[in-house]
Each structure stands twice: as C-alpha cells, then as structure tokens.
Amino acid sequence: ALHVALILQRTGAHAEVLQPALLHDVVEDCDGWTLERVEREFGAEVQGVVAELTEDKTSTWEQRKAAQVEHVPRLSRAALAVKAADKLHNLRTLAADLESAPDPARVWSRFHGGRERTLEMSRRLVGALAARCDVRLAAALRSALAGLEAAALRDRTRSG
C-alpha cells in the first residue's frame with residue numbers, strides 16, 4: 001500500500017487519493033477491518049474508494065480478475081488512479097522477482113493463474129486501465145507490462 005501511495009504522490013495525487021491508496025487492501029487483507037470501520041475512521045469518501053477496489057474473495061480467481069477488468073470503465077477517478085498504481089507496483093515487483101529468482105517456476109507458483117493466465121489477465125487489465133488513467137501512469141503501466149513479458153520470456157527460455 002505504501003508503494004502505491006508513493007507512485008501516486010509522484011504523479012501529483014492529492015490526499016483524497018493517497019488515503020485510499022494506503023488503505024485499498026485493508027478490508028481484504030487485515031483481520032478486523034470492514035468497510036464500515038474504514039468509513040468510521042477515515043470517512044465516507046475514503047470508504048467509497050476502498051469499496052470500489054475491494055475484491056469479493058468468495059469468487060474464483062478467474063471471476064475476480066475478469067470482474068476487475070470489467071469494472072474499470074465504472075471506477076471513479078480516485079479508484080482508477082489507485083488501481084493503476086497498484087497494478088504498476090505489482091507488475092514491477094513480479095518482473096523483479098522473476099529476474100532475481102533462481103527458479104522462476106517457484107515465483108509463478110504463488111499465482112493462482114500460473115504464468116500464462118496471469119500474463120493474459122495482466123494484459124487485459126493494463127489495456128483497460130491505460131485507456132482511462134493519467135497518461136504518465138498509462139505509459140508506466142505499458143512499460144512495466146513489457147518488462148514483465150520480457151522477464152517471462154527469459155524465464156521460459158531458462159526453464160525450457
């Protein structure tokens with residue numbers, strides 16, 4: 001979450017975007033956090049952005065990832081910025097992990113979709129986000145996706 005907020009801060013984002021950037025995964029990942037608690041402690045605007053970005057963990061991986069892509073056209077400006085920065089951070093982190101891993105298959109094993117489905121869903125999400133978000137974030141997303149694809153290609157070459 002901190003990396004997402006830093007990416008957004010570097011693009012000139014305001015506090016109304018930075019607060020939900022710091023909290024965007026709190027309901028999914030932290031015990032005791034609900035949307036009601038986010039609203040109580042941070043206000044309705046922050047809660048609204050967090051709610052737009054919170055995944056339904058009862059759905060399958062495929063359903064959740066498809067819903068993310070389908071939801072992009074309806075995201076508020078703040079949620080769109082947070083989603084784009086989060087995806088940017090995830091792409092960069094995955095590419096760096098692949099580059100440094102002695103066994104890239106172990107990196108991919110952390111992903112429910114495996115290498116090919118994860119790459120395909122990343123392409124779809126980057127396309128949807130880049131079509132709507134700030135031009136700097138869009139360019140960074142496309143570049144990070146290209147870097148990930150290059151790393152995945154090298155990984156495929158190494159693993160045969």
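## Close-up views of a predicted model

Trp 108 is buried, its relative accessible area being 5% (buried means under 20%, exposed over 50% and partly exposed in between, with a 1.4 Å probe and protein chains only). This is a predicted model, in which local features need pLDDT of at least 70 and side-chain atom pairs count only at pLDDT 80 or more, while totals for chains, interfaces and linings use all residues. Residues are numbered from 1 along each chain as its sequence is written, and side-chain values use heavy atoms, with hydrogens and water left out.

**View A. Trp 108 and Phe 111 form an aromatic pair.** Searching the whole structure turns up two aromatic pairs. In the pair shown here, the ring centres of Trp 108 and Phe 111 are 6.0 Å apart and the planes are at 55°, a tilted arrangement. For pairing, rings of Phe, Tyr and Trp (its six-membered ring) need centres within 6.5 Å; planes under 30 degrees apart count as stacked, over 60 as edge-to-face and the rest as tilted. Phe 111 is partly exposed, at a relative accessible area of 28%.

**View B. Gly 113 sits in the loop between α8 (104-108) and α9 (114-130).** Helices here are DSSP runs (H or I, at least four residues), numbered from the N terminus. With a relative accessible area of 8%, Gly 113 is buried. Neighbours within four places in sequence aside, Gly 113 is in contact with Trp 61 and Thr 118, where contact means heavy atoms within 4.5 Å. Look also for Lys 65: its C-alpha atom is 9.7 Å from that of Gly 113, although the two residues are 48 residues apart along the chain.

**View C. Gln 68 belongs to helix α6 (residues 61-71).** Gln 68 counts as buried, at 13% relative accessibility. Not counting residues up to four places away in sequence, Gln 68 touches Glu 55, Lys 83 and Leu 125.

**View D. Helix α2 (residues 15-23) crosses helix α7 (residues 77-100).** Two packed helices are described by the angle between their axes and the distance between the axes. Here the axes come within 9 Å and cross at roughly 50° (axes are lines fitted to C-alpha atoms over the stretch in contact, with angles from 0 to 180 degrees between N-to-C directions). That makes α2 oblique to α7; angles under 35 degrees count as roughly parallel, over 145 as roughly antiparallel, 65 to 115 as roughly perpendicular and the rest as oblique. At the contact, Val 17, Pro 20 and Ala 21 in α2 meet Ala 78, Ala 81 and Val 82 in α7.

How values were computed: Helices (H or I, at least four residues) and strands (E, at least two) are DSSP runs, numbered from the N terminus.
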